[in-house]
Amino acid sequence: MAVPTTPKSRRFGATRRSAVGLILGAPLIAGCSSLSSSFSSPFSSSEQPPTAPAGPPQQPSALGSGNVKVGLLLPLSASGNAGVAAQSMRNAAELALAEFQNPNIQLLVKDDAGTAQGAQQGAQQALDEGAEIILGPLFALSVPAAAQLARTRGVPMIAFSTDSSVAGRGVYLLSFLPESDVNRIVEYSAGTGKRSFAAFLPANAYGNVVEAAFKQAVARKGGRIVAFEKYSPGAQIQSTAATVAQGLASADALLLADDGDVLVGVADALAASGANLKRLQLLGTGLWDNPRVFGNANLQGGFYAAPDPAGFRSFSGRYRTKYGQDPVRTATLAYDSVALVAALARTQGGQRFSSEVLTNPSGFAGIDGLFRFRSDGTNERGLAVMRAAAGGGQAVVASPKSFGA
């Protein structure tokens, strides 16, 4: 469960310590869900909300009977993958309540239908019913509408969007942010002596976020960027790859960041253009956690940053036992957010959801390892460094046990 950590790694006590063990020490598999889009790969910043709900909004419901009321906004009636992901996240929230041991919270589940208007209405209902904190919504376009109402009431939000631009005062993101991946993998590479970096990135929103983080991380580590190019999907990849290949002679590390299918095409195009990828230290983000990547000879041996897969593997087993199906990858966000607010409600008294508590620099321990919220609403995760291999990702450097490690 998501629980506060301390610099000395102290926990709540015997009762909570056993609960912590359900998550910590359990290794997390990517892609357990068969869904496509960002729901099977939550490390992507491409959010595709549905154009219209699949049907009328679902009736509001409540989970738990505690005294502390918590709003949970999910696109339950949205069409396609969004609705399926929302139901899986609702199940995960329910599972968190069941595993927490008598939590003193009640979840006010609101269907936002995947729209800004729906999120605003759901937030209003939850606030009117006494919610002290709001979890969700899932899509970036829905966050500002709900956040405006929450701020007016002085109620914080923990949203699930991967778009860091919607974070801010009182609005925290629990999602997997590309910036964390890039910072971790550049830090690792610099620690192994790499100083000359190159990057070949997609010309889209995700690529823009990765680009900014990459340039900042390299500069922070005293490195230099010797080659940098961006590509659009399709035929342009091959022609742009030829330009990149020529500039790699003085590079000792190359960052590639895209979805599995495209990433394989990019690596093959670079190899076909004469780039010696085995000479370089290939670097990647969480999007590398994909069977297509593991099966590509040009990418095998590359390093990427991601949560240790053990936590999700354990969670998936418990979820499958209870619900008879696999969870979507984003389900851990719902689980950890509910476990977190339950833990804070139990231990932090009247200040339980204050900014000082939520931005505790020691952070919290969840299914996907350590995480902490920054004052600007973004988050930092304690990520492992993984190696792409034919059989899947292999841990090269384990997830840290504390943020001071």
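Predicted model: local features only at pLDDT ≥ 70, side-chain atom pairs only at ≥ 80, totals over all residues.
Biologist: How are the rings of Phe312 and Phe315 arranged?

Modeller: They form a tilted pair. The centres are 5.9 Å apart, with 40 degrees between the planes.

Biologist: And Phe315 with Tyr319, what is the geometry there?

Modeller: That pair is tilted too. The centre-to-centre distance is 5.9 Å, and the planes make 50 degrees.

Biologist: Where do Phe312 and Phe315 lie?

Modeller: Both are in helix 10, three residues apart. That is about one turn of the helix. Phe315 and Tyr319 are also both in helix 10, four residues apart, again about one turn.

Biologist: Why does that spacing matter for direction?

Modeller: An α-helix has 3.6 residues a turn, so residues three or four places apart point the same way.

Biologist: Are Phe315 and Tyr319 buried or exposed?

Modeller: Both are buried. Phe312 is buried as well.

Biologist: How many aromatic pairs turn up in the whole structure?

Modeller: Twelve.

Biologist: Switching to charges over rings. What sits over the ring of Phe228?

Modeller: The charged end of Lys215, 4.7 Å from the ring centre. There is also Arg381, which lies over the face of Phe176 at 4.4 Å from the ring centre.

Biologist: Now the core. Which residues touch the most other members of the largest nonpolar core?

Modeller: Ile105, Leu107, Leu135 and Phe315. This core has 52 residues. Elements that give it two or more residues include strand 3, helix 2, strand 4, strand 5 and helix 10.

Biologist: Which element gives the most?

Modeller: Helix 11, with twelve residues.

Biologist: What else is there in the way of a separate core?

Modeller: A second one, with 31 residues. Ala198, Phe200, Val266 and Trp288 are among them.

Biologist: Back to Ile105. What does it touch, leaving out residues up to four places away in sequence?

Modeller: Its contacts include Leu63, Val68, Val70 and Leu97. Val338, Val341, Ala342 and Ala345 are also among the residues that Ile105 touches.

Biologist: Tell me about helix 3. How many residues does it have?

Modeller: Helix 3 has 13, running over residues 116-128. From first C-alpha to last it reaches 18 Å, close to the 18 Å expected.

Biologist: Which of its residues are buried?

Modeller: Gly118, Ala119, Gly122, Ala123, Ala126 and Leu127. Seen down the axis of helix 3, the buried residues fall within an arc of 160 degrees, so they line one face of the helix.

Biologist: And on the other side of helix 3, which residues are exposed?

Modeller: Gln117 and Asp128 are exposed there.

Biologist: What covers the buried residues of helix 3?

Modeller: The cover includes strand 3 (68-74), strand 4 (105-111), strand 5 (133-135) and helix 4 (143-153).

Biologist: What follows helix 3?

Modeller: Gly130, with a positive phi near 100 degrees.

Biologist: Which residues other than glycine have a positive phi?

Modeller: Gln101 is one of them, with phi at about 75 degrees. Asn102 is another, with phi near 55 degrees. Gln101 lies in the loop between helix 2 and strand 4, and Asn102 lies in the loop between helix 2 and strand 4 too.

Biologist: How exposed is Asn102?

Modeller: Asn102 is exposed, with a relative accessible area of 71%. Gln101 is partly exposed, at 33%.

Biologist: Where is the cis peptide bond?

Modeller: A cis bond joins Gly136 and Pro137, with omega about 0 degrees. Pro137 is in the loop between strand 5 and helix 4.

Biologist: Last one, Arg352. Buried or exposed?

Modeller: Buried. The relative accessible area of Arg352 is 17%, and the cut-off for buried is under 20%. Arg352 sits in the loop between helix 11 and helix 12.

Biologist: What does Arg352 touch, not counting residues up to four places away in sequence?

Modeller: Val68, Glu132, Leu344, Ala345 and Val357.

How values were computed
Residues numbered from 1 in each chain as written. Heavy atoms only, no water. Expected span 1.5 Å × (residues − 1). Buried < 20%, exposed > 50% of the residue type's maximum accessible area, 1.4 Å probe, protein only. Arc of directions from axis to C-beta. Contact = heavy atoms within 4.5 Å. Core = buried A, V, L, I, M, F, W, Y, C linked by side-chain atoms within 4.5 Å. Phe/Tyr/Trp six-rings, centres within 6.5 Å; stacked < 30°, edge-to-face > 60°. Lys NZ or Arg CZ within 6 Å of the ring centre and 35° of its normal.
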